[in-house]
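Take a moment to look over the sequence and the model before reading on. We will walk through it piece by piece.

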Amino acid sequence: MHEQIARNKRKTFLLLFLAVAFTALIGYVIGYLWFNGPYGVVIAVILAIVLSLGSYFYGDRAVLASTRARKVSPQEEPRLHNIVEGLAIAAGIPKPEVYVVPEAAPNAFATGRDPQHSSIAVTQGLLGMMNRVELEGVIGHEMSHILDRDILIGTVVATVVGAAVLMSEIFMRSWFWGGGRGRRDSSGGETAGAIALVLFVVGIVLLIIAPLAGQLIKMSVSRNREYLADAEGVALTRYPPGLISALQKIGSSPAAMRSANNATGHLWLNQPSRVPGEDTSSMEKLFSTHPPIADRIKRLQEM
């Protein structure tokens, strides 16, 4: 189990490095073509920092509001509060705020920038479906996300990659509206035409590759963090069958999420856009934010 945790951590840091390097490369290329210098890297870094700060301080409020999550008191949900408090003590962190989402589909997510500012939300369907050990398995998984600061990692990856995509779109729009050094080149003749052609080809390539590569990086980071949270969650509860049974129930549930969207899909315990009862296709495995439940269960059973 500890080897698997270490392996998932190494993969995550590698993907983080690739996200930063990918954005810096696009920034450098754009800066070189536009200004004949590395100014694009500076622009990319500034843009990523600004977007990250906004998500870091206000992202959790937006997520809770978008899912219609309602904060509940210990009197309203005593079992849920008791489990959250017990696992928070075991993890050595302050008790997260507790929310319930009015959804029939069994699911859960954690949000917050650090263990001192965190929240755990579960759907009404999850509360009604899970027994105590299964609910502990789910909460342990979400508590691991908080311990590992996965929200911060997800925010950094999403904003860094988003900056690269935004820059590539700005590049293309400015090209079509008459911007770029290639169009301002007054040397004329075949040289100017060749430069213009190169700029056009580079812009098209950036426009196509940036969103695709960025999405793959984000999805890969998210999938690795789910495997890691599964492993660390059962280490926290010391009872792997609890989370295994919970995932089996979630995978066989006929209910579908109603409040799911692309912006928050990676936060949930199970990908909310996944159609209940359908097999996961190869294309979905490539672009999904979560690994298939069957694969997660298999890894937990091998521990």
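**Starting from a helix**

Helix α5 covers residues 132–147, 16 residues in total, and spans 22 Å from its first C-alpha to its last, close to the 22 Å expected at 1.5 Å a residue. Keep in mind that this is a predicted model.

Is α5 mostly covered or mostly open? It is mostly covered: 12 of its 16 residues are buried. Among them are Leu 135, Val 138, Ile 139 and Met 143. An α-helix has 3.6 residues a turn, so residues three or four places apart point the same way.

Now look at the ends of α5. Asn 131 caps the N-terminal end. A side-chain oxygen of Asn 131 lies 3.3 Å from the backbone nitrogen of Val 133. Just after α5 comes Arg 149, with a positive phi of about 55 degrees.

Two further arginines deserve a look. Arg 68 lies in the loop between α2 and β1. Its phi is positive, about 60 degrees, although Arg 68 is not a glycine. Arg 238 lies in the loop between α8 and α9. Arg 238 also has a positive phi of about 60 degrees and is not a glycine. How do they sit relative to the surface? Arg 68 counts as partly exposed because its relative accessibility is 42%. Arg 238 has 73% relative accessibility, so it counts as exposed.

Next, turn to the strands. Strand β2 covers residues 97–101, and four of its five residues are buried. Which strands pair with β2? Strand β1, residues 70–71, pairs with β2 in the antiparallel sense over two bridges. There, Lys 71 stands opposite Tyr 99 of β2. Strand β4, residues 117–123, runs parallel to β2, and five bridges join the two. Val 100 has Val 122 in β4 as its bridge partner.

Finally, look at the rings. The structure holds one aromatic pair. Phe 109 and Trp 268 form it, edge-to-face, with 4.8 Å centre to centre and 70 degrees between the planes. This pair links distant parts of the chain, as its members are 159 residues apart. Phe 109 belongs to strand β3, while Trp 268 lies in the loop between α9 and α10. Both residues of the pair, Phe 109 and Trp 268, are buried. Another ring meets a charge. The charged end of Arg 299 sits over the ring of Tyr 227, 3.6 Å from its centre.

Key. Residues numbered from 1 in each chain as written. Predicted model: local features only at pLDDT ≥ 70, side-chain atom pairs only at ≥ 80, totals over all residues. Heavy atoms only, no water. Buried < 20%, exposed > 50% of the residue type's maximum accessible area, 1.4 Å probe, protein only. Pairing = 2+ DSSP bridges. Phe/Tyr/Trp six-rings, centres within 6.5 Å; stacked < 30°, edge-to-face > 60°. Lys NZ or Arg CZ within 6 Å of the ring centre and 35° of its normal. Expected span 1.5 Å × (residues − 1). Polar contact = N/O pair within 3.5 Å; in protein donor to acceptor, adjacent residues only side chain to side chain.
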